[in-house]
Structure formats: C-alpha cells, structure tokens
Amino acid sequence: MDRKQSTVTPPAEVNTSLSVLVGTKAVLSCPPVLWTSMLLTTWEIVLRDKLPCFRAFRGDTNETKGGNCTDERITWASRLNENPALQIDPVAITHDGYYRCQMVTPDGNFHHGYHLQVLVPPEVTLVQTENGTAVCKAVAGKPAAQISWTPEGDCVTEQKRHWGNGTVTIQSTCYWEGRHVPNVSCSVFHLTGNKSLSIELDQGVRTLRFPASALLIILYVKFSLFLVILVTVGFIYFQRTND
C-alpha cells in the first residue's frame with residue numbers, strides 16, 4: 001500500500017493595520033513558524049516617497065543581507081535564529097508604510113504584512129480674538145483631529161494639510177451672536193487621546209453688529225439734532241437782521 005507524505009498547506013497571506021505613536025518603539029513579528037525549519041526570512045519595506053528596501057536572514061548559514069535600507073532605526077529585534085522580528089526604535093513620521101515578512105520553509109512560504117500608520121498628537125490652543133470670537137486649534141496632528149464646542153455656537157472650521165509630513169492642522173472659529181456667554185470650552189478628539197480647554201471671555205461674548213432698526217434710530221436722532229441746530233441758527237440770524 002502506498003503511503004501519502006503529509007504536507008502542511010501555508011495559510012493565505014495575512015495583512016494587518018497597525019497604528020503606532022510617534023517616538024515609541026514598534027516590533028513587527030513574522031508568521032509563527034518554528035525557527036528550526038526556517039530557511040530564509042526576508043523583510044520587504046516600502047516607505048512613503050522612498051525606494052523599497054529589504055533585510056534578509058538565512059537560517060542555515062546565519063547570514064544577513066540588506067539592500068537600500070539606510071535607516072538605522074529599523075533593525076532586527078533580537079537573535080535572528082530565535083525570532084526574526086523587525087524593530088523600529090524610535091518611530092518617526094517617515095516610517096509610515098508597508099512592511100512584509102516572508103519566511104521560506106520546507107513546508108512552503110509564509111507571509112505577514114503590516115500597514116503601519118504613525119500617530120502624531122496635535123498641539124491644542126484656545127484663544128479669544130479682539131472681535132470677541134474664540135479660536136481653537138489642533139496643530140500638526142496625524143490623522144486630523146475633530147473639534148467641538150460647549151456651549152454650541154456659530155462656528156467655522158478650516159483644515160490645512162502639511163504635505164511634507166502628512167500632518168493636518170484644524171482651526172475652529174466660534175462666536176455666539178445675541179447671547180451673553182461668560183466662558184466656553186473646546187474639546188479636541190484624536191486617536192492619541194482627547195483634550196479639553198476652557199477660557200473665560202472678557203465680559204462675555206457679545207456681538208458687535210447693530211440691527212437695522214437700531215441704525216435707523218441712531219440716524220434719526222442725529223438728523224433731528226442737526227435740524228434743531230439749523231433752525232436755532234436761522235432764527236438767531238433772522239432776529240439780528242431785523243434789528
């Protein structure tokens with residue numbers, strides 16, 4: 001009777017989305033394969049606006065090899081004959097990209113890819129302008145932050161993208177027309193954490209606009225005063241002329 005040789009079917013390639021805070025350490029692991037059966041491990045690294053590079057390790061000869069990888073912050077995590085993981089320390093904005101581990105074994109090839117997103121916390125500020133509006137900014141965050149106000153007002157939100165490093169600045173300008181608001185709070189929501197700032201407004205926020213009816217009253221008073229002065233001067237002139 002013929003015996004069929006048992007084989008291991010490699011799983012389909014696995015891709016993982018990974019978010020890492022800037023300035024921390026990230027460790028990317030290869031598929032869970034016994035290192036004793038590992039023949040070759042290759043990391044392919046594709047960073048934004050850079051040529052692809054690779055790092056490789058041969059298990060049978062304990063040899064390492066690399067091509068186009070010049071970033072010294074990307075290294076092997078530990079002893080290669082035990083764990084061929086990749087380490088990034090510290091993580092920078094420029095490490096956004098795709099990292100793929102391929103392991104060659106007698107049972108087939110195994111793959112694991114990482115879509116790495118670097119998170120950058122925004123710098124949050126809250127100020128009052130001369131015209132009584134309040135301005136809340138979330139500067140240079142990645143990804144873009146979201147801003148909300150307490151109490152709610154009439155707000156305009158602007159977004160400025162910094163194409164050089166992928167960060168985004170969000171600015172929200174708010175005013176409270178026709179209401180007396182002594183203080184306001186600005187809340188910023190971000191993947192790295194939320195933050196809230198409060199400010200006491202000078203004498204509360206009051207609109208500097210005048211309604212149309214008030215303007216008409218002011219013009220009417222001014223015209224009436226001018227007419228009274230004109231009549232008085234004319235009367236005095238007429239009296240002197242008669243004398």
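These legends go with a set of close-up views of one predicted protein model.

Some housekeeping: residue numbers start from 1 along each chain as its sequence is written, and side-chain values use heavy atoms, with hydrogens and water left out. Since this is a predicted model, local features need pLDDT of at least 70 and side-chain atom pairs count only at pLDDT 80 or more, while totals for chains, interfaces and linings use all residues.

**View 1**
The predictor's confidence in each residue, pLDDT, runs from 0 to 100. The protein averages 84, with 85% of the residues at 70 or above. Contact means heavy atoms within 4.5 Å.

Going from Asp89 to Pro90, the peptide bond is cis, with omega near -5°. Pro90 sits in the loop between strand 7 (86–88) and strand 8 (97–105). Pro143 belongs to the loop between strand 11 (134–141) and strand 12.

**View 1. Two asparagines with positive phi.**
Asn62 isn't a glycine, yet its phi is positive, about 55°. You'll find Asn62 in the loop between strand 4 (53–58) and strand 5 (63–67). Asn68 also takes a positive phi without being a glycine, about 70°, and lies in the loop between strand 5 and strand 6 (74–76). Are these two buried or exposed? Asn62 counts as exposed at 52% relative accessibility, and Asn68 does too, at 59%. The cut-offs for relative accessible area are under 20% for buried and over 50% for exposed, with partly exposed in between (1.4 Å probe, protein chains only).

Two strands count as paired if DSSP finds at least two bridges between them. Strand 6 and strand 7 run antiparallel and share three bridges. Ile74 has Ile88 in strand 7 as its bridge partner.

**View 2. The hairpin of strand 10 and strand 11.**
Strand 10 (residues 123–128) pairs with strand 11 in the antiparallel sense, over six bridges. Thr125 stands opposite Lys137 in strand 11. Five residues lie between the strands of this hairpin, where Gly132 has a positive phi near 90°.

**View 3. The largest nonpolar core, around Tyr99.**
A nonpolar core is a set of buried Ala, Val, Leu, Ile, Met, Phe, Trp, Tyr and Cys residues joined through side-chain atoms within 4.5 Å. The largest one has 22 residues, and Trp43, Ile45, Leu86, Ile88 and Tyr99 have the most contacts inside it. Strand 3 (40–47) and strand 9 (108–119) are among the strands that each supply at least two of its residues. Leaving out residues up to four places away in sequence, Tyr99 touches partners including Leu28, Trp43, Ile74, His112 and Leu116. Apart from this core lies another, of 18 residues, with Ala145, Val168, Trp176 and Val188 among them.

**View 4. Two aromatic pairs.**
Rings of Phe, Tyr and Trp (its six-membered ring) pair if their centres lie within 6.5 Å; planes under 30 degrees apart are stacked, over 60 edge-to-face, and the rest tilted. That rule gives two aromatic pairs. Trp43 and Tyr114 are stacked because their ring centres are 6.4 Å apart and their planes meet at 25°. This pair links strand 3 to strand 9, 71 residues apart, and both Trp43 and Tyr114 are buried. Trp149 and Trp176 make an edge-to-face pair, 5.8 Å centre to centre with 75° between the planes. Trp149 is in strand 12, while Trp176 is in the loop between strand 14 (167–175) and strand 15 (181–189). Trp149 is buried at 8% relative accessible area, and Trp176 is buried at 1%.

Key: Helix = DSSP H or I, 4+ residues; strand = E, 2+ residues; numbered from the N terminus.
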